[in-house]
Amino acid sequence: MPLMEVDTSQALKRENATILPELASREDESYLDFVESLRSFVLDGMQFDQQLATRTAHLEDTSEPPAERLEKVREIARDMPVARVRDRLMRSQQEMKWRRIVSSLDARRDIHLDRLKSAEGRGPARLELDPGFEPPEYANVHFHLQPDGYHKDPLAGFRYHYGTKVFFVGDNDKDQLHASLVNNHLPSPADGRVERILDLACSVGQSTTALKQRFPQADVTGIDHSEPMLRCAHHRAVELGIDVCFSQRLVENTGYDDNSFDMVFSFILFHEIPTRIIRETLAEVSRVLRPGGMFAVYDFMMASGMTPAQLYHRHFDSRHNGEAYGDDFCYTDFNGLLEEFGFVEAAPGKHLGTTQVWYATLPG
Ligand SMILES: C[S@@+](CC[C@H](N)C(=O)[O-])C[C@H]1O[C@@H](n2cnc3c(N)ncnc32)[C@H](O)[C@@H]1O
């Protein structure tokens, strides 16, 4: 029996949302709706950012090195009890979320595994797995505290998909976030030619299918190192009837031909790989993207442009939310790296909330 009377009204609404992984019970859905609301309350309702902003207004000047500003912000936050409550709740809601998602999916584990199995070989989507593939050592991280990480449990893709549904508080119930990036924030190459698109680190393939829907004439491939993610992506695309390819490959060593893609898309990949792999990946993209093609990167904002509150949250994420490489990315000069690997700006970049966007191309 549940501990309390549950409000299943939100869960009932979910009957139409066939794309999300199916949980075992209405109580599980309702509990995770509560966790999502708790997350929203911690992010907005506690007014922590406003209080911190008031006390750190003198640190808004972004000409001071961000690492030094961060130390001053942390010093100030140490005297704010609300900061400790906020930090504990941020950590706890992640732990609550994963515990319930894992137990709910495990309660019907065989059914979920059968689903993934039965999608094998079904179209229109294709799945290419590499039987000898060994995930790289640096990927053995429990990003965002996801139990078993991205590749060690066969249900990792379903876990991740429901986890991001809660994480994005309402923006990822029906792929809205990915659809918005692809439809509203992705310029085409200057010559308009889009025949082959590569989606780097596609996880469960939400941007891959959105790319195919926007560019129906194009051949769209999503790559990822994680077999469970790719199986989930393939299952999802089969259910949606969308003709895309998912392939098990490394972003830093794709094995594709030189100049073979008109567009390379990357959503929240670069902050999850070590700096050495960022460099190798940029070298690889500059090899497989054709001159004049579009390389669109959506990722964490650079620390140099962050407000004091953003610096505080990013630091918290690195230390307490499994973002092992997050600081390395944010404190690097991504513009400088793009330039070093031969990219030039294709369109002015922008910020979408705390996401920074880069549009790069290769000169002809
Ligand atoms: C935060 S998720 C990316 C999110 C994804 N683009 C989306 O829209 O949901 C990170 C993904 O990158 C994959 N990944 C990390 N390093 C990789 C690498 N070197 N090669 C291929 N995939 C990688 C992980 O398996 C995981 O699915």
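## Start at the covered helix

Helices (H or I, at least four residues) and strands (E, at least two) are DSSP runs here, numbered from the N terminus. A residue is called buried if 20 or more other C-beta atoms lie within 10 Å of its own, exposed if 12 or fewer, and partly exposed in between, with C-beta atoms placed from the backbone. Helix α9 covers residues 206–214, and seven of its nine residues are buried. To colour them, pick Gln206, Ser207, Thr208, Thr209, Ala210, Leu211 and Lys212.

Two notes before moving on. This is a predicted model, in which local features need pLDDT of at least 70 and side-chain atom pairs count only at pLDDT 80 or more, while totals for chains, interfaces and linings use all residues. Residues are numbered from 1 along each chain as its sequence is written.

## Zoom out

Now show the whole protein chain, which has 14 helices and eight strands. Its C-alpha trace spans about 55 × 55 × 35 Å along the principal axes. The radius of gyration is 21 Å, in agreement with the value near 21 Å for a compact globule of 364 residues; this radius is taken over C-alpha atoms, and the globule rule is 2.2 Å times the number of residues to the power 0.38. Buried residues are 38% of the 364. Among contacts with a separation of 6 or more, 75% join residues 24 or more positions apart. Two residues are in contact if their C-beta atoms, placed from the backbone, lie within 7 Å.

Angles under 35 degrees count as roughly parallel, over 145 as roughly antiparallel, 65 to 115 as roughly perpendicular and the rest as oblique.

Begin with α2 (residues 26–45) and α5 (residues 81–106), whose axes are 10 Å apart at an angle of about 160°. The two helices are therefore roughly antiparallel. On the α2 side, select Asp28, Tyr31, Leu32, Val35, Leu38, Arg39 and Val42; on the α5 side, select Arg86, Leu89, Met90, Gln93, Met96, Lys97, Arg100, Ile101 and Ser104. This contact has nine nonpolar, two polar and five charged residues. For these classes, Ala, Val, Leu, Ile, Met, Phe, Trp, Tyr, Cys and Pro count as nonpolar, Asp, Glu, Lys and Arg as charged, and the others, Gly among them, as polar.

Next, select α7 (residues 156–167) together with α10, which pack at about 70° with axes 7 Å apart. That angle makes α7 roughly perpendicular to α10. Here Ala156, Gly157, Phe158, Tyr160 and His161 of α7 meet Pro228, Met229, Arg231, Cys232 and Ala233 of α10. The contact counts seven nonpolar, two polar and one charged residues.

Look for Pro66, Arg69, Leu70, Val73, Arg74 and Ala77 in α4, facing Pro308, Leu311, Tyr312 and His315 in α12.

## Single residues worth a click

Return to α5 and click Ala83. Ala83 touches Phe48 and Ala77, leaving aside residues up to four places away in sequence.

Which peptide bond is cis? The one from Gly123 to Pro124, with omega near 5°. Pro124 is in the loop between α6 (109–119) and β1 (126–128).

Move on to His144, in the loop between β1 and α7. His144 is not a glycine, yet its phi is positive, about 50°.

Finish in the loop between α7 and α8, at Val169. Val169 also has a positive phi, about 30°, although it is not a glycine. Asn172 is found in the loop between α7 and α8, and it touches Thr164, Lys165 and Leu177, again not counting residues up to four places away in sequence.

How values were computed. Axes fitted to C-alpha atoms, helices over the stretch in contact; angles between N-to-C directions.
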